[in-house]
Amino acid sequence: MKNKLFPQIFIIYLRYLIGFAFVFASIVKIQGLRFTADSGAENPINSAWHYFETMYQSGIYWRFLGFGQLVAGLLLMTQKYAKLGAILFLPIILNIFVITISYDFRGTPIITSSMLLANILLIIWDWDTLKVLFNKQPVFPKKDRIENNSIWIILGVLFFILTILAKLVLSSSFLVIIALCFLIIGLLGLIIGIKRNKKLGF
């Protein structure tokens, strides 16, 4: 299965998707800003918004979380370092998932559990090489697989830059345009990647 085209494409774009989610969410923390305009200090101490306010007021820890998410998301989006990104991503998303089921986040646990499962899938996908971490003999995949094509690295860097720009520069009124840009670039990258795959005989 790992040598078939569509499973590889699915994994590549799954890395982009959850990497994007982490990078996008990290910016507000790195900037030292709240998720919302209002303070959560007046909410009950066992509420989700009070918890977020406590983390926000910590300052250094809030930014540390942001940088952790940024690095994990970037590594996933680069594809080349996606294995390391998946390892870093796991404790962060597991922690976020436990937080969302510990407080009243309503439907948010559905999203966080989906991201956790997606991360586990990425680790299973790369288990042949990652098992060296458990003192087991690694099995390295063929180098001529489509996921090793350099087009995905270029696409990942473009997605990363666009994500930063979308968060820092563009307002919410441009969300449709931003979404279309991601869609067009993603489709173009997919077409180029598949064509290069056929041309090189992968």
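**Helix packing and salt bridges in a predicted model**

The structure, a predicted model, holds three salt bridges.

Me: Which residue forms a salt bridge with Asp126?
Reply: Asp126 lies in the loop between α5 and α6 (127–130), and its partner is in helix α1, 111 residues apart, so-called distant parts of the chain being linked by the pair. The closest N and O atoms are 3.2 Å apart, and a salt bridge requires a distance within 4 Å. The partner of Asp126 is Arg15.

Me: What pattern does the protein chain follow along the sequence?
Reply: The protein chain has eight helices and zero strands. Its C-alpha atoms fill a box of roughly 60 × 45 × 30 Å along the principal axes. Read along the sequence, the pattern is α-α-α-α-α-α-α-α.

Me: How many Å apart are the end C-alpha atoms of helix α1?
Reply: Helix α1 covers residues 5–30, which makes 26 residues. At 1.5 Å a residue, this helix should span 38 Å, and the model agrees with that expectation. The end C-alpha atoms of α1 are apart by 37 Å.

Me: Which residue just after α1 takes a positive phi?
Reply: The phi in question is about 75°. The residue that takes this value, just after α1, is Gly32.

Me: How are α2 and α3 oriented to each other, roughly parallel or roughly perpendicular?
Reply: Helix α2 (residues 48–58) packs on α3 with the axes 4 Å apart and an angle of about 95°. The contact is made by Phe52, Met55, Tyr56 and Ser58 of α2 and Ile60, Tyr61, Trp62 and Leu65 of α3. By class, these residues are seven nonpolar, one polar and no charged. Since angles of 65 to 115 degrees count as such, α2 and α3 are therefore roughly perpendicular.

Me: How many nonpolar residues does the contact of α3 with α4 have?
Reply: The axes of helix α3 (residues 60–78) and α4 come within 8 Å and cross at roughly 140°, so the two helices are oblique to each other. Gly68, Gln69, Val71, Ala72, Leu75, Leu76 and Thr78 of α3 meet Ala82, Leu84, Gly85, Ala86, Leu88, Phe89, Ile92 and Ile96 of α4. In this contact four residues are polar and no residue is charged, while the nonpolar ones number eleven.

Me: Why are α4 and α5 described as roughly antiparallel?
Reply: The axes of helix α4 (residues 82–102) and helix α5 (residues 108–125) come within 9 Å. Angles over 145 degrees count as roughly antiparallel. The description therefore applies to α4 and α5, whose axes cross at roughly 155°.

Me: What is the handedness of the crossing of α4 and α5, left-handed or right-handed?
Reply: On the α4 side the contact includes Ala86, Phe89, Leu90, Ile93 and Phe97, and on the α5 side Thr112, Met115, Leu116, Asn119 and Ile123 are among the residues. By class, the contact has 14 nonpolar, five polar and no charged residues. The crossing of α4 and α5 is left-handed.

How values were computed:
Residues numbered from 1 in each chain as written. Predicted model: local features only at pLDDT ≥ 70, side-chain atom pairs only at ≥ 80, totals over all residues. Heavy atoms only, no water. Axes fitted to C-alpha atoms, helices over the stretch in contact; angles between N-to-C directions. Parallel < 35°, antiparallel > 145°, perpendicular 65-115°, else oblique. Left-handed = near helix turned anticlockwise from the far one by under 90°. Contact = heavy atoms within 4.5 Å. Nonpolar A, V, L, I, M, F, W, Y, C, P; charged D, E, K, R; others polar. Expected span 1.5 Å × (residues − 1). Salt bridge = Lys/Arg side-chain N within 4 Å of Asp/Glu carboxyl O.
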